[in-house]
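Welcome! Let us go through a structure together, one question at a time.

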Amino acid sequence: MLRRFGPIASEYYAIYPDAAEFRDSTAVARVNGYLGGYGSSDNLNNELPSLGLSPEAQQMLRDAVQGR
């Protein structure tokens with residue numbers, strides 16, 4: 001799911017340039033889950049500060065989760 005959201009994925013590729021690090025990242029897994037329909041908007045809002053995303057990517061993620 002994350003690959004459909006290029007700007008968010010790009011931020012994580014910058015943080016985790018190694019494919020194994022990217023794959024094993026808890027933050028990447030959490031965001032992928034939210035984008036896949038798992039987790040509520042409230043849970044996301046509580047967790048957003050710990051996910052390592054820029055304010056713009058956070059808003060994109062919020063919009064995607066609220067729009068489903």
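## Reading the model step by step

Q: Before we start, what kind of model is this?
A: This is a predicted model. Keep that in mind as we go from feature to feature.

Q: Let us begin with S25. Where is S25 found?
A: S25 sits in the loop that joins α2 (19–24) to α3 (26–35).

Q: Is S25 buried or exposed?
A: A residue counts as buried when its relative accessible area is under 20%. S25 has a value of 5%, so S25 is buried.

Q: What does the side chain of S25 reach?
A: The S25 side chain comes to 3.1 Å from the backbone nitrogen of V28. At the start of α3, a side-chain oxygen of S25 also reaches to within 3.2 Å of the backbone nitrogen of A27.

Q: Which residues of α3 are buried?
A: They are A27, V28, V31, G33, Y34 and L35. These buried residues pack against α1 (6–15), α2, α4 (41–47) and α5 (55–66).

Q: What follows α3?
A: G37 comes after α3, and the phi of G37 is positive, near 100°.

Q: Now the core. How many residues does the largest nonpolar core have?
A: The largest nonpolar core has 17 residues. Those with the most contacts inside it are L2, I8, Y12, V31, L51 and L61. At least two residues of this core come from each of α1, α3 and α5. The largest share, 5 residues, is supplied by α3.

Q: Y12 is on that list. Which residues is Y12 in contact with, leaving aside neighbours within four places in sequence?
A: Y12 is in contact with L2, F22, A27, V28, V31, L51 and L53. The relative accessibility of Y12 is 1%, so Y12 counts as buried.

Q: How many aromatic pairs does the structure hold?
A: A pair of aromatic rings is described by the distance of the centres and the angle of the planes. The structure holds 2 aromatic pairs. In one of them, Y12 and Y16 are 6.4 Å apart centre to centre, with 20° between the planes. Planes under 30 degrees apart count as stacked, so the pair of Y12 and Y16 is stacked. Y13 and F22 also form a stacked pair, at 4.4 Å centre to centre and 20° between the planes.

Q: How many salt bridges does the structure hold?
A: There are 2 salt bridges in the structure. One of them joins the side chains of D24 and R23, at 3.1 Å from N to O. Both D24 and R23 are exposed.

Q: Which parts of the chain does the pair of E47 and R30 link?
A: The side chains of E47 and R30 meet in a salt bridge at 2.8 Å, N to O. This pair links distant parts of the chain, with E47 in helix α4 and R30 in helix α3, 17 residues apart.

Q: Let us look at a glycine. Where does G52 lie?
A: G52 lies in the loop between α4 and α5. At 47% relative accessibility, G52 counts as partly exposed.

Q: Which residues does G52 touch, not counting residues up to four places away in sequence?
A: G52 touches E11 and I15. For a sense of distance, the C-alpha atoms of G52 and R62 are separated by 14 Å, and these residues are 10 residues apart along the chain.

Q: One last residue. Where is the place of Q58, and is Q58 buried or exposed?
A: Q58 is in helix α5. Q58 is buried, with a relative accessible area of 17%. Leaving aside neighbours within four places in sequence, Q58 is in contact with L48 and L53.

Terms used
Residues numbered from 1 in each chain as written. Predicted model: local features only at pLDDT ≥ 70, side-chain atom pairs only at ≥ 80, totals over all residues. Heavy atoms only, no water. Helix = DSSP H or I, 4+ residues; strand = E, 2+ residues; numbered from the N terminus. Buried < 20%, exposed > 50% of the residue type's maximum accessible area, 1.4 Å probe, protein only. Polar contact = N/O pair within 3.5 Å; in protein donor to acceptor, adjacent residues only side chain to side chain. Contact = heavy atoms within 4.5 Å. Phe/Tyr/Trp six-rings, centres within 6.5 Å; stacked < 30°, edge-to-face > 60°. Core = buried A, V, L, I, M, F, W, Y, C linked by side-chain atoms within 4.5 Å. Salt bridge = Lys/Arg side-chain N within 4 Å of Asp/Glu carboxyl O.
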